[in-house]
Amino acid sequence: MGQDGKKQATPCSLTDRLLTVPQYMIPQHTLSVLMHKLTQSQVSWFKNLFIRFISWKFKVDISEAASPNLADYPSFNAFFTRKLKDGIRPVANGDDVVVSPVDGAISQLGKVHQGRIIQAKGRDYSVMELLGGNQEQAALYESGQFATIYLSPKDYHRIHMPVTGTLSEMRYVPGKLFSVNPRTARAVPELFARNERVVCQFDTAFGPLIMVLVGAIFVGSMETVWSGQITPPYGKKIQDWKYSGEQAIQIKKGDEMGRFNMGSTVVMLLPPALREFDNHWHAQDEIKLGQAMN
């Protein structure tokens, strides 16, 4: 804690850097494809063992799941992307109230300043790079806000809308697959602008809002509710999809918009018109889907 009682982010140490070095050397995409295949396995003894091990290792609270019976899940992936019991994550009321889109831990949050956002103490990166080089799109969020939320293996892995919005654009940006855990975020420069990601822009009553789904090592797939599985396969070029007319679907606040397999990170970019985040939220705070952030 600092003198003001707030949690302080831990700066990058030599240990962080040394423990991250192997990630530069391993075949990130090959290992992630292999993990994806393993998580899809429906061999009963294997998937049951996998589910029990992860549940024990990361202290997964299975009592919150719609089905707490592990045998009900045909694969590890089905368990990992499990649905929660109805009503267990109440969504804060108010059209202009931004809610957390996921269960996780806040990596960083705050204002977009001169086109850059904070990754970790002593590290920042460009919004334009995060969005795949779209300078015009990035400019929309100058003086807006960002929030980066990390999902660990114990967390619920479906992603929901922080406010009501209408889908207008999606962009797939190829990249690396470094881990996105706090240690790697401290050690790898511009991590979230280097990893593979899916950028989803929505039109809202307050201006354009972006949800960035960031891939990571062993994140076997990223999905959206309108397009299904985006990865794998892993692409080599940026791809864009525009949505208008009947394709421009509206998703209400609190409704599901996508999901991850294994742990990863969501980066939200909010327009300047939305109220600022409540000052009781800080880096490293745990947060639940549906909790008010402003």
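What share of the 294 residues of the protein chain count as buried? I looked it up: 51% of them do. I'm keeping in mind that this is a predicted model.

Confidence next. I found a mean pLDDT of 88 for the protein chain, with 91% of its residues at 70 or more. Then I went through the elements: strand E5 (residues 158-160) has the highest mean pLDDT, 97, and helix H1 (residues 14-25) has the lowest, 69. I also checked residues 1-8, where pLDDT stays under 50. For that stretch the model has nine contacts beyond four places in sequence.

Secondary structure: I noted seven helices and 15 strands in the protein chain.

Overall dimensions: I got a box of roughly 50 × 50 × 45 Å for the C-alpha atoms, along the principal axes. The radius of gyration is 18 Å, which agrees with the value near 19 Å that a compact globule of 294 residues would have.

Contacts: I took the ones between residues at least 6 apart in sequence, and 77% of these join residues at least 24 apart.

I have 32 positive and 27 negative side chains written down for the protein chain. The centres of the two sets lie 8 Å apart.

Note on methods:
Residues numbered from 1 in each chain as written. Predicted model: local features only at pLDDT ≥ 70, side-chain atom pairs only at ≥ 80, totals over all residues. Heavy atoms only, no water. Helix = DSSP H or I, 4+ residues; strand = E, 2+ residues; numbered from the N terminus. Rg over C-alpha atoms; globule rule 2.2 N^0.38 Å. Buried < 20%, exposed > 50% of the residue type's maximum accessible area, 1.4 Å probe, protein only. Contact = heavy atoms within 4.5 Å. Lys, Arg positive; Asp, Glu negative; His and termini not counted. Charge placed at Lys NZ, Arg CZ, Asp CG, Glu CD. pLDDT = per-residue confidence, 0-100.
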